[in-house]
Amino acid sequence: MLARLSHLDRLEAEAIHIFREVAATFTKPVMLYSVGKDSSVLLHLAMKAFYPAKPPFPFLHVDTTWKFHEMIEFRDRMAREHGFDLLVHINEDGVRDGINPFDHGSNTHTHVMKTVALRQALDEYGFDAAFGGARRDEEKSRAKERIFSFRNAQHAWDPKHQRPEMWKTFNTRVSPGESIRVFPLSNWTELDIWQYILRENIPIVPLYFAARRPVVERDGMLIMRDDERMKLHEGEVVENRLVRFRTLGCYPLTGAIDSDAETLEEIVSEMLVARTSERQGRLIDKDEAGSMEKKKREGYF
Amino acid sequence: MRQNTALAVEPDYDVRAWLAEQEHKSLLRFLTCGSVDDGKSTLIGRLLYDTKLIFEDQLAALERDSRKHGTTGEDIDLALLVDGLEAEREQGITIDVAYRFFATAKRKFIVADTPGHEQYTRNMATGASTADLAVVLVDARQGVLTQTRRHSIIASLLGIRRIVVAINKIDLIDYDQATYQRIVEDYQKFAADLGFSSIEAIPMSARYGDNVTRRSENMGWYQGPTLLEYLESVPLDEAADARPFRFPVQYVNRPNLDFRGFAGTIAAGSISPGDAVVVAKSGRASKVKRIVTQDGDLPVAVAGQAVTLVLEDEIEVSRGNMLVAPNGRPHVADQFAAQLVWFDEQALRPGRSYILRTETDQSPATVTDLRYRINVNNFAQEAAKSLAMNEVALVNVSTQTPIAFDSFAENRATGSFIIIDRISNATVGAGMIVNPLRRAANIHWQALEVDAKARAAQKHQKPAVIWFTGLSGSGKSTIAGLLDKKLHLSGRHTYVLDGDNVRHGLNRDLGFTEQDRVENIRRVAEVAKLMADAGLIVLVSFISPFRAERQLARDLLPKGDFIEIFVDTPLEECARRDPKGLYARAAAGEIKNFTGIDSPYEAPEAPEIHLETAGKSPEEMVDAIEKWLTERDTAEQEYDDGGGI
């Protein structure tokens with residue numbers, strides 16, 4: 001009698017299968033590396049999928065120039081240690097126009113520095129498949145998305161005409177200019193991600209662990225003042241609070257939570273009693289109802 | 001994810017121990033299906049809500065949304081929890097399948113909430129293809145409807161063996177047992193032939209929660225389990241996989257000369273180093289040397305694991321092939337019978353060439369025979385000439401190259417395929433293989449008269465005579481040669497008839513008088529016609545200066561098969577290029593009757609393609625021609641559909 005595969009073993013096998021499928025059938029794949037915990041898991045799985053070879057595709061980081069400094073350090077360390085080919089793309093038009101989350105709001109900033117930047121990078125390199133770390137349990141429109149999610153030549157997602165996706169038999173055919181976004185973690189929940197990080201000892205950005213950090217309370221969120229570009233409003237004070245992050249993005253748009261969870265075990269137990277969902281710490285979902293779907297249709301990951 | 005009663009955290013618990021326990025819970029994947037407005041999304045919303053998997057911020061958003069789009073008056077509308085697309089919330093319907101995740105003390109669940117509208121049946125099939133169990137909802141006021149039956153048939157075809165009939169909205173018929181019984185009997189009668197191993201009927205109200213997670217106080221007459229109790233306790237088919245080993249090769253991993261591994265996911269059975277395997281398509285045998293993973297070599301690997309196998313011998317194996325147990329091999333055939341579900345608005349036409357894709361293999365394929373269509377209302381077998389969107393049929397399929405497969409009943413992974421449209425790349429159908437067909441058993445091919453259409457169909461192409469006309473040195477042969485290469489690479493069967501070459505053989509008795517030129521063209525046109533009749537795409541590269549002879553060639557061929565391409569290069573440019581030195585000799589009077597010098601060239605008045613070559617590379621022009629040809633094939637297909645042949 002053979003041992004039954006555990007829940008995580010199954011998820012791992014599914015993700016590895018997806019990685020290999022893309023490597024075998026696409027001309028120019030890329031992995032979108034956003035440095036967060038889901039990206040860490042993706043990286044780990046990509047290394048497993050092609051062992052003893054390295055992943056046969058580059059890793060692309062779309063840098064909005066507003067990421068936490070610790071994310072950038074972590075990114076560069078991972079690239080060195082794993083020896084993957086790291087591409088960093090910044091929307092220079094946005095930089096020239098001085099687009100930033102404080103003056104232009106999260107919508108414009110995210111659109112220009114993330115969505116448009118991503119489209120620029122995909123066009124520039126001509127990638128025909130791009131891995132992303134999105135999970136179906138994150139958000140309602142993500143719950144509807146295929147594992148192999150078709151994008152037209154304008155990078156747009158058409159939620160009403162998704163290709164049927166049967167079994168593990170993926171339709172990997174695209175015409176020139178079209179592409180597929182591929183989500184190996186589609187069926188993972190946030191708990192699965194943490195459980196897997198714990199089981200496999202996967203390195204993650206230290207911002208996920210509680211530490212004293214300089215934060216400002218603004219619009220009901222705890223924003224970490226990661227550098228001098230964040231100007232204080234009247235009445236605001238910088239406090240050194242024991243906080244951590246459940247999700248990572250641009251620092252002005254990412255809320256910290258009060259926490260004393262300093263180990264993975266403590267993070268998991270904290271999560272088990274959490275009262276709010278993961279994306280709540282992200283400003284971008286709140287701008288308008290259905291906003292994630294809208295961004296995705298425009299080409300956001 | 002927030003805790004529910006089951007996940008409640010004890011004051012001094014050990015996270016690692018708790019997680020280990022979580023990890024070894026079993027996983028049940030199920031779908032909810034049924035007709036529109038039977039309450040599928042509401043049911044899932046209820047399951048998530050009652051198992052406490054709704055976060056506070058989601059609940060607040062839900063209350064907001066309910067006021068804006070809700071259909072439940074003052075109450076919160078649970079369906080809005082799962083209908084994630086804007087169009088869905090606006091219209092109050094489900095368009096695409098949504099995947100939701102929840103867990104109880106006993107099990108983890110992935111539920112696919114699938115749409116009820118007939119036009120979105122393909123999305124229901126998507127959800128069903130990875131499910132172990134189907135919850136079929138029935139509105140107690142409506143009873144069993146066409147969509148109830150269609151979804152049940154599709155669930156059955158896709159290998160689902162356990163059904164829960166959730167008779168919902170029971171509150172709206174005053175919890176009436178007689179009505180409930182009648183619906184249960186209707187369903188059982190209809191589903192008797194669908195091969196389900198169990199059909200569990202549960203009366204419920206998803207909106208108020210009766211018999212979803214808690215026992216209803218309104219139905220003393222119902223003694224069975226609640227839906228959640230049933231889902232937590234239904235047995236899973238998890239017995240050790242005793243089927244013969246199947247390993248579809250996904251990817252050949254060859255980082256250096258010393259390592260050659262075959263990467264894939266085991267589809268059945270198990271494997272250990274030293275075990276004998278054979279390559280399914282070639283029959284070549286070897287033994288497994290190592291099972292490689294990043295975490296170290298494994299002593300054994302089982303179905304569901306994604307591994308890399310290294311063999312003892314250097315044998316030819318590539319993606320699409322399968323490593324299998326020597327004593328239990330799959331079928332290898334290019335013809336088989338399959339159940340087919342059609343997804344596309346453009347109907348399936350037998351004889352048309354599609355791409356057939358299995359988990360790792362693909363081949364051009366045609367449906368050679370539509371044996372019968374299944375009527376989703378009464379399961380009757382009906383004759384049909386085509387298969388429309390959402391219809392189901394038993395068909396014979398012929399692939400261009402043999403594939404390795406099992407029957408779908410034996411193995412869902414190695415017995416299934418999808419059909420892809422060659423032009424749009426859309427997934428237009430999904431098939432479940434029933435059995436291989438020996439050629440002798442394939443009546444359709446025997447009955448088929450071998451005519452031009454059959455010969456062309458076998459080559460998966462539309463024959464054509466592509467006639468390049470233009471001055472000497474205009475670039476005809478260069479372009480025809482490049483086009484030939486390109487078409488050949490894309491799998492087309494071609495042949496080039498070149499003016500100079502034909503004159504060395506077939507037409508070596510002909511000179512350059514006007515009369516001989518006409519005969520020259522006539523013979524070439526006849527040869528091209530025979531070749532097109534054999535199913536080939538013929539590229540004719542001839543100066544062919546006279547309109548009448550080109551018209552003669554055109555008239556020899558079926559309408560639409562003659563494609564005239566005018567390679568339009570100005571005389572001065574041709575004379576400047578003069579690749580064979582002929583213009584110089586003609587100008588010196590050494591050659592008589594030279595086209596453009598002392599013999600006329602009658603330019604085409606309405607060529608299919610007019611190539612003005614100035615400033616364009618041959619590659620650009622070849623791309624343009626290929627695009628034109630592809631569009632011709634597409635247009636032709638649409639024409640066929642409209643004709644209702």
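Modeller: A salt bridge here is a side-chain nitrogen of Lys or Arg lying within 4 Å of a carboxyl oxygen of Asp or Glu. The structure we are looking at is a predicted model.

Colleague: With that cut-off in hand, how many salt bridges does the structure hold over all chains?

Modeller: A pair is counted when its side-chain nitrogen and carboxyl oxygen come within 4 Å. Counted over all chains, the salt bridges of the structure number 56.

Colleague: Which parts of chain B does the salt bridge of B:Lys169 and B:Asp139 tie together, and how many residues apart are they in sequence?

Modeller: The side chains of B:Lys169 and B:Asp139 meet at 3.8 Å, N to O, and the cut-off for a salt bridge is 4 Å. B:Lys169 lies in the loop between strand 5 (162–168) and helix 7 (177–191) of chain B, while B:Asp139 lies in strand 4 (residues 133–139) of chain B, so the pair ties together that loop and that strand, parts whose separation in sequence is 30 residues.

Colleague: Turning to the interface, which element of chain B gives the largest share of the side that touches chain A?

Modeller: In the contact between the two chains, 92 residues of chain B meet 75 residues of chain A, and about 7400 Å² is buried between them, 54% of it on carbon and sulfur atoms. Between chain B and chain A there are six salt bridges, and B:Lys108 with A:Asp192 form a salt bridge at 3.6 Å, N to O. On the side of chain B that touches chain A, the largest share, six residues, comes from helix 1 (residues 15–23) of chain B.

Colleague: Within chain A, how is helix 1 of chain A oriented to helix 6 of chain A?

Modeller: The axes of helix 1 (residues 7–25) and helix 6 (residues 190–200) of chain A come within 11 Å and cross at roughly 95 degrees. Because angles of 65 to 115 degrees count in this way, helix 1 of chain A is, relative to helix 6 of chain A, roughly perpendicular.

Colleague: Which residue does a cis peptide bond join to A:Tyr51?

Modeller: In general, most peptide bonds are trans. Here omega is about 5 degrees and the bond is cis. In the loop between helix 2 (37–50) and strand 2 (59–62) of chain A lies the residue joined to A:Tyr51, namely A:Pro52.

Colleague: And what value is phi of A:Trp167 near?

Modeller: A:Trp167 lies in the loop between strand 5 (148–151) and strand 6 (179–182) of chain A. Most residues other than glycine have a negative phi. For A:Trp167, phi is positive, near 50 degrees.

Definitions and conventions. Residues are numbered from 1 along each chain as its sequence is written. Chains are lettered from A and ligands numbered from 1 in the order in which they are written. This is a predicted model: local features need pLDDT of at least 70, side-chain atom pairs count only at pLDDT 80 or more; totals for chains, interfaces and linings use all residues. Side-chain values use heavy atoms; hydrogens and water are left out. Contact means heavy atoms within 4.5 Å. Buried area is the accessible area (1.4 Å probe) that two parts lose on being put together, summed over both. Helices (H or I, at least four residues) and strands (E, at least two) are DSSP runs, numbered from the N terminus. Axes are lines fitted to C-alpha atoms, for helices over the stretch in contact, and angles run from 0 to 180 degrees between N-to-C directions. Angles under 35 degrees count as roughly parallel, over 145 as roughly antiparallel, 65 to 115 as roughly perpendicular and the rest as oblique.
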